[in-house]
Amino acid sequence: MFGFSMFPFPPRPFKVQYYCFSVAMIPGNERDDVERGGKIIMPPSALDHLTRLNINYPMLFKLHNSKTNRSSHSGVLEFVADEGKVYLPHWMMRNLMLEEGDVIEIESVSLPVATFSRFQPQSPDFLDISNPKAVLENCLRNFACLTTGDIINIKYNQKDYELSVLETQPGAAVTIIECDMNVEFAAPLGYKEPNSEQESLDESSERSDNLSNEGSGFIPFFGEGYRLDGKQKKTIEDENVGFKIPTVRGIPDYDWKVGVITFMRNVRQPVKEAQKDDEDKFQPFYGQGHVLSTNRHRK
């Protein structure tokens with residue numbers, strides 16, 4: 001449409017107030033798709049009003065809380081809310097400091113396309129993700145725009161991660177629909193740089209502890225056993241197996257000379273004479289038996 005000056009009419013703004021509620025208050029089944037994204041649910045009358053206006057697409061809105069003077073931006077997912085109500089993700093209500101049933105002002109806006117954004121994870125657990133940029137790119141598909149200063153919530157592997165939007169370019173609020181955006185991450189909150197000197201000391205002490213523990217000797221399958229027939233089992237020394245001889249591991253021969261080959265042999269230790277104390281000695285499978293029925297004597 002053109003006026004008498006042959007210039008198009010400027011788009012008329014959409015500015016309405018609604019009672020806001022969290023996604024959990026939507027009647028019916030749970031809407032996890034709304035909670036994981038950055039879009040809101042508006043009433044059908046809003047769609048009818050927007051189609052009558054000369055607005056820009058995609059539909060983007062500025063959310064403003066007049067009580068705390070806090071603002072954010074979002075897209076719209078559906079127009080199925082009850083009249084006079086709008087449903088927001090919980091993280092968005094927390095950023096705007098809104099309670100259930102508070103009044104929020106929604107205005108249609110046009111935002112520039114994002115070219116750069118920088119995020120700061122709110123927990124060091126975010127570093128456990130192998131490819132954080134790919135995970136963030138996949139999660140941001142449910143978002144329509146970003147606002148500097150917001151703390152968004154993403155979900156990965158059944159775990160929630162919070163990210164603070166530190167910077168967006170070319171403006172404080174940008175749209176991320178069909179854009180080529182560069183992403184950077186700041187150090188997470190609570191993250192401490194590892195001290196290289198302290199790590200080297202810890203590794204050296206750990207290695208010395210391992211060498212001392214191995215020097216005491218490892219005896220595999222060491223213990224006592226009993227046979228079902230009551231006979232004495234063969235000892236390890238009788239089987240000529242040198243398991244009871246502690247072996248020193250991990251200690252090199254510092255006196256080794258080039259050209260000399262040393263063959264190490266394990267010398268069997270003398271077996272101590274066993275104490276013959278039948279009274280105090282444990283006897284396996286020892287006891288008395290009784291017969292349930294006795295044989296009758298023939299007449």
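In this report a residue is called buried when its relative accessible area is under 20%, exposed when that area is over 50%, and partly exposed in between, as judged with a 1.4 Å probe and protein chains only. By that rule glutamate 105, at 22% relative accessibility, counts as partly exposed.

The structure is a predicted model, in which local features need pLDDT of at least 70 and side-chain atom pairs count only at pLDDT 80 or more, whereas totals for chains, interfaces and linings use all residues. Residues are numbered from 1 along each chain as its sequence is written, and side-chain values use heavy atoms, with hydrogens and water left out.

## The chain as a whole

The protein chain holds five helices and 12 strands, where helices (H or I, at least four residues) and strands (E, at least two) are DSSP runs numbered from the N terminus. Of its 299 residues, 29% are buried. The chain exposes about 22400 Å², of which carbon and sulfur atoms supply 51%; accessible areas come from the Shrake-Rupley method with a 1.4 Å probe, and for residues only the protein chains shown count as cover. When contacts (heavy atoms within 4.5 Å) are taken between residues at least 6 apart in sequence, 77% of them join residues at least 24 apart.

## Strand 7 and its partners

Strand 7 covers residues 116–121, and because five of its six residues are buried, this strand is largely enclosed by the rest of the structure. Two strands are said to pair if DSSP finds at least two bridges between them. Strand 7 pairs with strand 10 (residues 159–169) in the antiparallel sense over six bridges, and in this pairing serine 117 has threonine 168 of strand 10 as its bridge partner. With strand 12 (residues 182–185), strand 7 pairs in the parallel sense over four bridges, and here phenylalanine 119 has phenylalanine 185 as its bridge partner. As a general point, the side chains in a regular strand alternate between the two faces of the sheet.

## Salt bridges

A salt bridge is counted when a side-chain nitrogen of Lys or Arg lies within 4 Å of a carboxyl oxygen of Asp or Glu, and a search of the whole structure finds five of them. The table lists some of these, including the pair that involves glutamate 105.

| Pair | N to O distance |
|---|---|
| Lysine 15 and glutamate 105 | 3.7 Å |
| Glutamate 167 and arginine 118 | 3.7 Å |
| Lysine 159 and aspartate 125 | 3.4 Å |

The salt bridge between lysine 15 and glutamate 105 links distant parts of the chain, with lysine 15 in strand 1 (residues 15–22) and glutamate 105 in strand 6 (residues 103–109), 90 residues apart. Lysine 15 is exposed, at a relative accessible area of 52%.

Glutamate 167 and arginine 118 also form a salt bridge; because glutamate 167 lies in strand 10 and arginine 118 in strand 7, the pair ties together parts that are 49 residues apart in sequence. Glutamate 167 is partly exposed, with a relative accessible area of 25%, and arginine 118 is partly exposed, with a relative accessible area of 28%.

In the salt bridge between lysine 159 and aspartate 125, lysine 159 lies in strand 10 and aspartate 125 in the loop between strand 7 and helix 4 (132–139), so the pair ties together parts that are 34 residues apart in sequence. Lysine 159 is partly exposed at 36% relative accessibility, and aspartate 125 is partly exposed at 34%.

## Leucine 189

Leucine 189 is found in the loop between strand 12 and helix 5 and is partly exposed, with a relative accessible area of 39%. Although leucine 189 and glutamine 122 are 67 residues apart in sequence, their C-alpha atoms are 5.1 Å apart in space. Leaving aside residues up to four places away in sequence, leucine 189 touches Gln120, Pro121, Gln122, Ser123 and Pro124.

## Cysteines

A search of the whole structure finds zero disulfides, a disulfide being a pair of cysteine sulfur atoms within 2.5 Å. Cysteine 139 is buried, with a relative accessible area of 11%, whereas cysteine 179 is partly exposed, with a relative accessible area of 28%.
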